[in-house]
Amino acid sequence: VVNDDFFRLAPPEQAAFILHEVGHCKLLHLEKRILALPMLLIWPPYLKHLCIEQEHEADAFAAREGFARYLISVFSRIEGGRDSLHPDPASRIERLRALQGA
């Protein structure tokens, strides 16, 4: 999950990124994707829905640990979406700001 861009982040942003990935593990996202395989055979677009939902959940995990502003900082520098299995940065920022206000 770490590429050269990771090393260009400030240390708090790196911590937020790592917490996001820890969130995927703690929330059992890989296991849920494996269990979803039968659904994916019936309705392949479900993969996109599932992945986007899991990205938002992992963002929320890092936000609950107090790192929302650092994720916002990272997402504010990304133009467009990485791919169709990730939410666009603007929607991630909007959700993170809502979590900060909660």
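Modeller: Helices here are DSSP runs of H or I with at least four residues, strands are runs of E with at least two, and both are numbered from the N terminus. Helix H1, residues 11–26, is followed by Leu28, whose phi is positive, near 55°.

Biologist: What should I know about the model first?

Modeller: It is predicted: local features need pLDDT of at least 70, side-chain atom pairs count only at pLDDT 80 or more, and totals for chains, interfaces and linings use all residues. Residues are numbered from 1 along each chain as its sequence is written, and side-chain values use heavy atoms, leaving out hydrogens and water.

Biologist: How do you know what span to expect for H1?

Modeller: The expected span is 1.5 Å times one less than the number of residues. For the 16 residues of H1 that gives 22 Å, and the end C-alpha atoms are 22 Å apart, so the two agree.

Biologist: Which residues of H1 are buried, and what covers them?

Modeller: Among the buried ones are Glu13, Leu19, His20 and His24. Their cover includes helix H2 (29–35), H4, H5 and helix H6 (89–101).

Biologist: Why is Gln54 called buried?

Modeller: Buried means under 20% relative accessible area, exposed over 50%, and partly exposed in between, with a 1.4 Å probe and protein chains only. Gln54 has 1%, so it counts as buried. Gln54 sits in helix H4. Leaving aside neighbours within four places in sequence, Gln54 is in contact (heavy atoms within 4.5 Å) with His24, His29, Lys32 and Arg33.

Biologist: How do you know that Cys25 is in no disulfide?

Modeller: A disulfide needs a pair of cysteine sulfur atoms within 2.5 Å. The nearest cysteine sulfur to that of Cys25 belongs to Cys51, 15 Å away. A search of the whole structure finds 0 disulfides.

Biologist: Are these two cysteines buried or exposed?

Modeller: Cys25 has 58% relative accessibility, so it is exposed. Cys51 has 2%, so it is buried.

Biologist: What makes H4 and H5 oblique to each other?

Modeller: Angles under 35 degrees count as roughly parallel, over 145 as roughly antiparallel, 65 to 115 as roughly perpendicular, and the rest as oblique. The axes of H4 (residues 46–64) and H5 (residues 68–75) cross at roughly 130° and come within 7 Å. The pair is therefore oblique. Asp59, Ala62 and Ala63 of H4 meet Ala68, Leu71 and Phe75 of H5. By class, this contact has 5 nonpolar, no polar and 1 charged residues; Ala, Val, Leu, Ile, Met, Phe, Trp, Tyr, Cys and Pro count as nonpolar, Asp, Glu, Lys and Arg as charged, and the others, Gly among them, as polar.

Terms used: Axes are lines fitted to C-alpha atoms, for helices over the stretch in contact, and angles run from 0 to 180 degrees between N-to-C directions.
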